[in-house]
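Reader: I have just started learning to read protein structures. Could we go through one together, a question at a time?

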Amino acid sequence: MENHEVRYSTIKKYYIDHFYELRNYVRSRIRDVEASDDIVQNVFIRLLSIDGSVCTETLSKLVYTIARNLIFDYYRHKKFENEYAVYICSMSCASQYSASMSCSIDEIHEMLECGMEKLNEKQRIIYRMNVCDGLAVSEISETLKMNYKSVENRLGLARREMRKYMTKMLA
């Protein structure tokens, strides 16, 4: 019992004599007043929870070691907070981006349909089979029973017309 009282009185005396010095040390490293006050408080709580005896000769070194470790913990925690904040922001930006993209895709699809209406019938059919259905020129020529070069030529003309139309609409 006497050992505890001696330990508590030693810590109390150190607290009274060096509190502001320790607080300034922590504040100079953190620059957050509330967090630095919390760290200083935690230093003395840890001191009080030490089971062994506290020696007045090494108490100062022990206090600053505990403070330094708590400062490291603070910055480690801040790093994870910042990484999590960046992750959350990227997720919310991605969801906003995908919502705006679905709207844009609908608008682009509507523009494509209007542009295809301006093509002649054979060009429209060939262009739709290539772009919408994903068929290759050889598959289109087999399906429509047309010459490969003819399909390729009409697809090229349809693409050129659609490029002009889309450039004009998106400008």
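Reader: What share of the residues of the protein chain count as buried?

Author: Good place to start, and keep in mind that this is a predicted model. A residue counts as buried when its relative accessible area is under 20%. Of the 171 residues in the protein chain, the share that counts as buried is 26%.

Reader: Which pattern does the protein chain follow along the sequence?

Author: The secondary structure has six helices and zero strands. The pattern is α-α-α-α-α-α.

Reader: At what angle do helix α5 and helix α6 pack?

Author: Helix α5 covers residues 137-144 and helix α6 covers residues 148-170. Their axes lie 9 Å apart, and α5 passes α6 in a right-handed crossing. The packing angle is about 115°.

Reader: At the start of α4, which residue's backbone nitrogen does a side-chain oxygen of N120 reach?

Author: Helix α4 spans residues 121-131, and its buried residues include I126, Y127 and M129. At its start, a side-chain oxygen of N120 comes to within 3.2 Å of a backbone nitrogen. That nitrogen belongs to K122.

Conventions. Residues numbered from 1 in each chain as written. Predicted model: local features only at pLDDT ≥ 70, side-chain atom pairs only at ≥ 80, totals over all residues. Heavy atoms only, no water. Helix = DSSP H or I, 4+ residues; strand = E, 2+ residues; numbered from the N terminus. Buried < 20%, exposed > 50% of the residue type's maximum accessible area, 1.4 Å probe, protein only. Axes fitted to C-alpha atoms, helices over the stretch in contact; angles between N-to-C directions. Left-handed = near helix turned anticlockwise from the far one by under 90°. Polar contact = N/O pair within 3.5 Å; in protein donor to acceptor, adjacent residues only side chain to side chain.
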